[in-house]
Amino acid sequence: MIDLKLLRDDPDRARASQRARGADPSLVDALLAADDARRAAVSRADTLRAEQKTVSKSVASASPEERPAVLARAKELSAQVKDAEADQAAADAALREAQLAIANIVEDGVPPGGEDDFVTLATVGTVPTVDAPRDHTEIGEALRAIDTARGAKVSGARFYFLTGIGAQLELALVNLAMEQASAAGFVPVIAPALVKPETMEGTGFLGAHASEVYRLADDDLYLVGTSEVALAGYHSDEILDRDELPLRYAGFSSCFRREAGSYGKDTKGIIRVHWFDKVEMFSYVPAEDAREEHQRLLAWEREFLDKLELAYRVIDVAAGDLGSSAARKYDCEAWFPSQGAYRELTSTSNCTTFQARRLNIRTRGQNGNEPVATLNGTLCAIARTIACLLDHHQQPDGSVYVPAALRPWLGGRELLTP
RNA sequence: GGAGGGCUCGCAUAGUGGCCUAGUGCGGCGGUCUUGAAAACCGCUAUGGCUGGUGACAGUCAUCGUGGGUUCGAAUCCCACGCCCUCCGCCA
């Protein structure tokens, strides 16, 4: 939800931002008009309510002679108030709709364009040269670490079992991620994977991404696509002490995605699946600190990838490819030898106050209570990371090199062999 | 799944149709007194919208779990839902 004051102060910037995303800039004007209409409706209803209050009070003290007249006037006002309140409710709903239709204002410096127009900010590590590389599915099967055939038998396409060393790899990654997060001051959290509609809507996942989300119709609950949802909802409708900011949480949960629009993409293996586990970083900071926090989240993501000894690049995602809550997004993409390509492993978004407005998360500022900024960043999306580790660290003899940082959780093993 | 009880200002509680412009206690903040502290006493004490003001602020409307309804008037009466607690059943 966008800051209306900001919008009024600089509607041109908001229009430009919409254009950069490839969205309709006239939504800005529609929103301003809806806001004006609402103000008018509210003020009309307020005036009528005040008058009704006065008249109603005088009913009890009216003399028997004047009573019928006062009562008649009160009834008349009562009807008018009802009308005015209906108008107000309609205006409120229209404003909300206009607000939900508009995406966050893009941060200055975000590259223009669409999916292919990202800017590479950094390239890290040496891309491994592998002759006739095998993909992670093949390696995972040989190691008896990944079982996609039985995943399909039991649950369907895009499901998998992690077995043996595969299961151990997941636990090792979770431990490594949580250890790093705790050391950096994050509060470790095991978060629910099922949330109420309000929570899902507040985090902005029922807009453009609605078809990506699993819904349990019988119980009116949603399966989260990321623990960001639960971590953002965690402090909804709260006023946070300025002194306790920044609040940083590292959430572990299963994530569920319908992958509705991705037929044919990454159908093999566990790069794109309906369910995976993930450790996610989530920060609540004062609005003015959001940009700096975003850089910190990116740095923590890079630290983790460095520990895994992966070659990767950092990209600045273009405006047209941003989620509606994000003002800016950086992705870290690691090298997959079997694909000869960088693939997204982590992603961090600065949602500024956009998400906090919807979820009503504030802190006491100089001008009263003001929304905080929320930011999220992947620390480790397990399935895809395992896929990358197997692919990236494969050896000519069919074994897989284990990065030093993971060894303490894998019994000191330096190589995984079939 | 069944049966009960509850949801009021940060916390605890009062409040069965107009005197509620929601009282009281605790906590918190400020002050008086004191060498300092405690105690005592005095004052303040939420959120959102709208209007006015550069501003501290002032005025006004709304908010007693949520949404409807009855009524001139609802914390209070009626209906539905949500959440919490207790007990029973089932269960990792």
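Close-up 1. On a 1 Å grid over the protein atoms alone, a cavity is a set of points where a 1.4 Å probe fits but cannot get out, and lining residues have an atom within 4 Å of a point. Grid points are joined across faces, edges and corners, and a volume is the space filled by probe spheres set on the points. By this rule, the count is 1 cavity of 30 Å³ or more. This is a predicted model, in which local features need pLDDT of at least 70 and side-chain atom pairs count only at pLDDT 80 or more, while totals for chains, interfaces and linings use all residues. Residues are numbered from 1 along each chain as its sequence is written, chains are lettered from A and ligands numbered from 1 in the order in which they are written, and side-chain values use heavy atoms, with hydrogens and water left out. The largest cavity has a volume of about 50 Å³. Its lining is made up of L169, L389, L390, V400, Y401, V402, P403, L406, L410 and L416. Sorted by class, these are 10 nonpolar residues, with no polar and no charged ones; here Ala, Val, Leu, Ile, Met, Phe, Trp, Tyr, Cys and Pro count as nonpolar, Asp, Glu, Lys and Arg as charged, and the others, Gly among them, as polar. Helix α12 (382-392) and strand β17 (400-401) each supply at least two residues of this lining. Helices (H or I, at least four residues) and strands (E, at least two) are DSSP runs, numbered from the N terminus.

Close-up 2. A residue is near the strand if one of its heavy atoms lies within 4 Å of it. Of the 21 residues around RNA strand B, the nearest are D46, S56, K75, S78 and R362. Sugar and phosphate make up 84% of the atoms of RNA strand B that come within 4 Å of the protein. On the protein side, α3 (26-61), α4 (67-100) and β14 (361-365) each supply at least two residues of this surface, and α3 gives the most, with 12 residues. The surface divides into 6 nonpolar, 5 polar and 10 charged residues.

Close-up 3. Look for R362, where an N or O atom of the side chain lies 2.3 Å from a phosphate oxygen of RNA strand B. At R38, a side-chain N or O atom is 2.9 Å from a sugar or linking oxygen of RNA strand B. At S56, a polar backbone atom is 2.7 Å from a base nitrogen of RNA strand B.

Close-up 4. H294 sits in helix α10 (residues 290-307). With a relative accessible area of 1%, H294 is buried; buried means under 20%, exposed over 50%, and partly exposed in between (1.4 Å probe, protein chains only). A polar atom of the H294 side chain lies 3.0 Å from the backbone oxygen of T348. Not counting residues up to four places away in sequence, H294 touches R328, K329, Y330, T348, S349, N350 and L375, where contact means heavy atoms within 4.5 Å.

**Close-up 5. The second largest pocket.** A pocket is an open set of points with protein on both sides within 12 Å along at least five of seven lines. This one has a volume of about 550 Å³. It is lined by 24 residues, of which D3, L6, A287, T352 and T353 lie nearest its centre. The elements α10, α11 (354-359) and β15 (368-371) each supply at least two lining residues, and the largest share, 3 residues, comes from β15. By class, the lining has 10 nonpolar, 6 polar and 8 charged residues.

Close-up 6. Most residues other than glycine have a negative phi, and most peptide bonds are trans. The peptide bond from L245 to P246 is cis, with omega near -5°, and P246 lies in the loop between β8 and β9. R158 has a positive phi, near 65°; R158 is in the loop between α6 (148-154) and β3 (161-162) and is buried at 12% relative accessibility. N360 has a positive phi too, near 60°; N360 is in the loop between α11 and β14 and is partly exposed at 27% relative accessibility.

Terms used. A polar contact is a pair of N or O atoms within 3.5 Å; within protein, one must be able to donate a hydrogen and the other to accept it, and residues adjacent in sequence count only if both atoms are side-chain atoms.
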